[in-house]
Amino acid sequence: MSTPAEYYRSLPPVSKTYGVACFMTAAALYLQLYYPRNIALDYGLVIKRFQVWRLITNFFFLGPFSFPFAFRLIIIARYGVGLERGPFDKRTADYVWMLVFGAISLLVMAVVPYLLSPFMGPSVVFMIVYVWSREFPNARINIYGLVSLKGFYLPWALLGLDLIFGDPLKPDILGMVAGHIYYFLTVLHPLAGGKFMLKTPLWVHKLVAFWGEGTQINSPVERNPHAGVAFQGRSFRLNGRTTTPPQTTQEPYNNQQQAAADGVAFRGRSQRLNGR
């Protein structure tokens, strides 16, 4: 059995980062470091007072420390990680783009006053559940040890539980709508012979490459070799050759020879006694 530290290190980067950010947001609220209204989505304050951070911070608030908060965090740890290790394995940029597209879709829907929710974090979590249910429709799910059902029906079961517990249904429904839009444009529409219209933008690939975490197959951008390294230098052998750290990306042989020549104070030729 792995320790908590080993489990934390084994988590994929995107789900781990989002889960930790949501936990830190709740911890800061518990320590009374901010008021929830200061990070809530309010288009009036965004437009009139240029408080643009509200367009981002509202997605990291899953509520105060409570059972619903813990349940949403477990959903990220199970179904978000399941997506990142399954259909999005070695597709970190695509997974980031799924979350970004979902957030943009929720912001667009929130323009309608009736659909406005001050915190869209629960909707993002429910979007993750919906996409997981479409990717794993035949997986067996056990809810509270009482009901066993297929993964396809998981969002509807959670929607029914929220109805029984008296929790608001609007964030869940908005998350399902955003998840269905993404799944339709990326899976259903192309399978029906339509054009793939939701390609991951180049700036997302650049962001993930600069971040230096995760893996993206067929990425148009090279990964940043210096990401996550506090200090990185060169070591020189006595023959004037440069040894590069193993985590850097490989370069062509000619470039390696050029890099070996750079940074050497003096380079000359050594001649044997026979003149060669």
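A salt bridge is a side-chain nitrogen of Lys or Arg within 4 Å of a carboxyl oxygen of Asp or Glu. The legends below describe a predicted model.

**View 1. One salt bridge turns up in a search of the whole structure.** The partners are Arg91 and Asp94. Their closest N and O atoms lie 2.9 Å apart. That pair counts as a salt bridge because the cut-off is 4 Å.

**View 2. Arg91 and Asp94, the salt-bridge partners, are shown with their surroundings.** Arg91 has 26% relative accessibility, so Arg91 counts as partly exposed. Asp94 has a relative accessible area of 12%. Buried means under 20%, so Asp94 is buried.

**View 3. Helix α6 crosses helix α7.** Helix α6 spans residues 92-109, and helix α7 spans residues 121-135. Their axes come within 10 Å. They cross at roughly 125 degrees. That angle makes α6 oblique to α7. The crossing is right-handed.

**View 4. Side by side, the residues where α6 meets α7.** From α6 come Tyr95, Met98, Leu99, Gly102 and Leu106. From α7 come Ser123, Val124, Met127, Ile128 and Val131. Eight residues of this contact are nonpolar. Two are polar, and none is charged.

**View 5. The whole protein has 11 helices and four strands.** The protein has 276 residues, and 36% of them count as buried. Now take the contacts between residues at least 6 apart in sequence. Of these, 59% join residues at least 24 apart.

Terms used: Residues numbered from 1 in each chain as written. Predicted model: local features only at pLDDT ≥ 70, side-chain atom pairs only at ≥ 80, totals over all residues. Heavy atoms only, no water. Axes fitted to C-alpha atoms, helices over the stretch in contact; angles between N-to-C directions. Helix = DSSP H or I, 4+ residues; strand = E, 2+ residues; numbered from the N terminus. Parallel < 35°, antiparallel > 145°, perpendicular 65-115°, else oblique. Left-handed = near helix turned anticlockwise from the far one by under 90°. Contact = heavy atoms within 4.5 Å. Nonpolar A, V, L, I, M, F, W, Y, C, P; charged D, E, K, R; others polar. Buried < 20%, exposed > 50% of the residue type's maximum accessible area, 1.4 Å probe, protein only.
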